[in-house]
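Work through the exercises below with the model open beside you. Try each task before you read its solution.

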Number of protein chains: 2
Amino acid sequence: MVDICGEEDDFATHGLRAFNHIFQDIVRPVRSGALRAQPGKEGKVTVLVGGGSGHYPTFCGFVGPGFADAVVMGGIFASPSIQAVATIGRLAHRGGGIVMGFGNYAGDNLNFGIAAERLRAEGIDTRIVVTTDDVASAPSDTPERRRGVAGDIIVFKIMGAAADEGYDIDAVEAVSRKANDHTRSFGIAFDGCALPGAPEKIFTVAEGRMALGLGIHGEPGIEERDIAAPAEIAAELYQRVMAERPPEARRLAVLLNGAGATATEELFVLWNELEVLFERDGLTLVAPLVGSYATSLDMYGCSLTITWLDQELERFWRAPVNSPALCRHAVEGDWVPASRQSVAELPVHYERAETADAARAGQCIARAMALLSRTMQEHEAMLGRIDAIAGDGDHGQGMARGARAAARGARRAADEGAGARTVMEAAADAWGDRAGGTSGALWGEALFAFSTLLDDRSSLSAATVRQGMIKAARRVRQIGKAEPGDKTLVDALAPFVSALEEARPEAETIAASWNKAVARAHEGAEATKAFAARRGRAKTHGNHSLGHPDPGALSFALAMEALAALMDDLA
Amino acid sequence: MVDICGEEDDFATHGLRAFNHIFQDIVRPVRSGALRAQPGKEGKVTVLVGGGSGHYPTFCGFVGPGFADAVVMGGIFASPSIQAVATIGRLAHRGGGIVMGFGNYAGDNLNFGIAAERLRAEGIDTRIVVTTDDVASAPSDTPERRRGVAGDIIVFKIMGAAADEGYDIDAVEAVSRKANDHTRSFGIAFDGCALPGAPEKIFTVAEGRMALGLGIHGEPGIEERDIAAPAEIAAELYQRVMAERPPEARRLAVLLNGAGATATEELFVLWNELEVLFERDGLTLVAPLVGSYATSLDMYGCSLTITWLDQELERFWRAPVNSPALCRHAVEGDWVPASRQSVAELPVHYERAETADAARAGQCIARAMALLSRTMQEHEAMLGRIDAIAGDGDHGQGMARGARAAARGARRAADEGAGARTVMEAAADAWGDRAGGTSGALWGEALFAFSTLLDDRSSLSAATVRQGMIKAARRVRQIGKAEPGDKTLVDALAPFVSALEEARPEAETIAASWNKAVARAHEGAEATKAFAARRGRAKTHGNHSLGHPDPGALSFALAMEALAALMDDLA
């Protein structure tokens, strides 16, 4: 926040100017605020909201059909002036009076309050609805002392929908007050925010700690704790907003809000934990929102807001809206808990082997996969350590995950009586799907290539295994594009397959050839280990690259070594 | 990013699960991705996009009417598997073939590429369109080596709209390739990102520096520089994406994208600077987007993407869309540059004074405001320094800004021949509107209260001035709710007004009374200065609070002192 933005003043006024330019399909600029580009119906109640800047999309993002008619914006964390509120009120008035919505802050109360007096003196019926959703800011017996925070979005959305539906000013005021009475929020901060151009944050939270109940301008919270796991954070937020739950309340609007620097994906992780709590308590969610809707510049944190819905509130919460902050068609249906959502799937069906020999061959492939899986689990940590030297350290994990999935997939197919080809295909797909990374794709494709030499009628022969390995190696070379010496899987795979190719099946058993090939594979893998040791910690990371150096040669050699035990069974 | 999220794996899979739950009105869950909740028309071309996680709302946010039919998500910064792509392709296929869209990364090319082969082998016509918009990733003569970054949003939006309009697979492929050919992006990072659970960032940018041309997974940029002002950053981004502008290109889609930790309001500040460059070069914007659409976890930075529009591309860019990432009604009209937008305003009209005396009284008020303004400019820095000790240091600035605005407003009204009341009202409104903060509201209201004792017929009398000050003081006490001793304006205002009240007009001139009152005001202000000195740097900040200690008493005393010069003129 300190970096690319100049003075505080410029930040707010320039930001508003840009906002009015970017969203000119929805809003029309006015000094210190925005109006709807297409004014609402004549005679309608005007919904005018506002407050300080620094909370985007709160408040200017709320203007548009189904939401506010106008917004008045102050400087950063500062109320707009009396004059700005009154002027925008006059411009936005459509003849039906004005309902003003803003958070319960002294500056806003003063400026909106006096502006409302002026408008009333001019004959414009003007009402005020102050949001007070932050349960941390005062006890429940003094709600009038509570601050308005992210609850603004839900309360003002309902206010805007009611006014657009044609409610008169008494009814808009009443439904908005009810919406606020039904709304609770609680926030947690992991770190503070800095004003544009300021060298320091307004407040900070110590590393590894979190501040509970913090406001959206750095108002003091109620306590500090060590940062907890997502499940505990979710439980804390949940319990705080639920503490004042009315006994009959069952249906609710929910907003899990990011404070500014919080990634939406982080909110998603937290949402998973929250969602099970709602389900546990038999509560029904309607059109939940997850995202950064009420921010505090670059504050790192989140808040949970809930609004208990009755029929009237629910109708307005579901109503369509088209504003910069929130664009939704009319929302239908109740939210199904994640655990009961219908997940799209392809039917799984394994062809049964045509002969008993073929079914035995299927079992043999499944045993091979079980051996691979066991050896990969054994070496997982060691492979991870070697990988961490030059790569991102996930090779052991990926191999273990892939081999485990392959073993399970193969076992399932074999137990349903599938033949070698079907079992191998199941293993290939499971490995490729679950392992992740390049090595997962290569192993999946290698097994898949191998499977194309098999069928569901025959037993497994030594010749087929030899040919299968050659085909698998070819596929790896084709798609991985690595050469021997590139410090990849190929460093072991190539000598292994050469050894199999050089072997004379008429003169030695497959078991003997296999063991020689395994020895060659281990020789090939030595170079990788040496390379990793030299390379040190100059890491590459995550740009979806193929074939970066990893201990793939070593894991391959270990895998082939494990399979040697099966070779005696082959004809 | 390190704080509330567990392992990398969980982060991506849990995040996707939450996404599919939250947006269940738009999407339907599938393992490793999402489908549209309401599948598109039978026979339509299926648009399937995807890539790694960690870029939200890229890619899962792109599913919905007018956008993609399905999305396939990998782990963090990792491609989805062949199996996931193929499975989701089969589930999403509506009979019209599949066009796959993804960025040009080795892992994605491998996994989507092989999945496409599989689908083709099963009889599903499958095409691939790879995005290559990042101009920093390779020279213009090797576009096939360029990465796909934020351009994805525009290219896939056009792809999705074409498929929903009923284009056949050749046409969808062709228009998508054209969209990509017309798209360029360039990014700047101010700081790197950390993987969930990782103790360190993948990369860092040194304090005060910015990295040009960085990729979205920490791929190396092309150079590093000192952080520049917004105008220079805008010029850099602009020049980079414009370097390959086709000679006839005039109309464009634009995305100013935040990398994750960048506040939208920061992007707005940058947008102002960019927008003037588009206007300068006579370019026409169509439905620009500003926000965090292609992120890299918590990376701090931004990118600019432009797509040169021909009629066909523009039609699809303007088409309605309803996805988690982007919800827009059909967009009409060209974007008017900010400098030419029509700003809503109330007409300004000053009543002319009814008599020459009254016009002279108006001039006298204007002179008073000019004196106030001059003295506030003189003391601005000193007042700021004192305020910074206990407050946020903006008192001097606010007073200077308010008084300057009041002087201008009064001068304009007086020059149009307005009387005392109208001139004072103009001054009050301008002060209250421009000063900001509580002191601005108080001064504006004080002047306004004073104005209600005036009229546009009479000259200004000593009695009126005395009464006006008493009325103004009452208004300040009424709305500010501060008491003498609270270290606010009231500490000087109260003794000042008491002195005026105690004065005997029959025995001394207003000038004499005024001077005594000024001395009392200065005495009252002394306490504030002493308090500020004791208080040290325990600051309060920005929570819209009223009446926190500030040098308001001192600025008031100085203001009244400046006005003494006018008192001799009063009868």
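**Exercise 1: an aspartate in a loop**

D69(B) is found in the loop between β3 (46-53) and β4 (70-76) of chain B. Helices (H or I, at least four residues) and strands (E, at least two) are DSSP runs, numbered from the N terminus. This is a predicted model: local features need pLDDT of at least 70, side-chain atom pairs count only at pLDDT 80 or more, and totals for chains, interfaces and linings use all residues. Residues are numbered from 1 along each chain as its sequence is written, chains are lettered from A and ligands numbered from 1 in the order in which they are written, and side-chain values use heavy atoms, with hydrogens and water left out.

Task: Decide whether D69(B) counts as buried or exposed, then find the backbone nitrogen that its side chain reaches.

Solution. 
1. Start with accessibility. Buried means under 20% relative accessible area, exposed over 50%, partly exposed in between (1.4 Å probe, protein chains only). D69(B) has 5% relative accessibility, so it counts as buried.
2. Look for a polar contact. That is a pair of N or O atoms within 3.5 Å; within protein, one must be able to donate a hydrogen and the other to accept it, and residues adjacent in sequence count only if both atoms are side-chain atoms. The D69(B) side chain reaches the backbone nitrogen of V47(B) at 2.7 Å.
3. List the neighbours. Contact means heavy atoms within 4.5 Å. Leaving out residues up to four places away in sequence, D69(B) touches several residues, including R36(B), K44(B), V47(B) and V63(B).

**Exercise 2: aromatic pairs**

Task: Describe the geometry of the pair Y167(B) and F316(B), then say which parts of the chain it ties together.

Solution. 
1. Apply the rule. Rings of Phe, Tyr and Trp (its six-membered ring) pair if their centres lie within 6.5 Å; planes under 30 degrees apart count as stacked, over 60 as edge-to-face and the rest as tilted.
2. The count comes to 32 aromatic pairs over all chains. One of them joins Y167(B) and F316(B), edge-to-face, at 5.0 Å centre to centre with 90° between the planes.
3. Y167(B) lies in the loop between α4 (151-165) and α5 (169-181) of chain B and F316(B) in helix α8 (residues 311-318), so the pair ties together parts 149 residues apart in sequence.
4. Check burial. Y167(B) is buried at 18% relative accessible area, and F316(B) is buried at 1%.
5. F496(B) is buried at 0%, and F556(B) at 3%.
6. In chain A, ring pairs link W431(A), W443(A), F496(A), W514(A) and F556(A) into a cluster.

**Exercise 3: charges over rings**

Task: Which rings lie under R118(B) and R328(B)?

Solution. 
1. A charge sits over a ring if NZ of Lys or CZ of Arg is within 6 Å of the ring centre and within 35 degrees of the ring normal.
2. R118(B) lies over the face of F448(A), 3.8 Å from the ring centre.
3. The charged end of R328(B) sits over the ring of W317(B), 4.8 Å from its centre.

**Exercise 4: backbone features**

Solution. 
1. The bond from T58(A) to F59(A) is cis, with omega near 10°.
2. In chain B, the bond from T58(B) to F59(B) is cis, with omega near 5°.
3. K481(B) is not a glycine but has a positive phi of about 60°. K481(B) is exposed, with a relative accessible area of 65%.
4. A287(A) is not a glycine either, and its phi is positive, about 50°. A287(A) is buried, with a relative accessible area of 1%.
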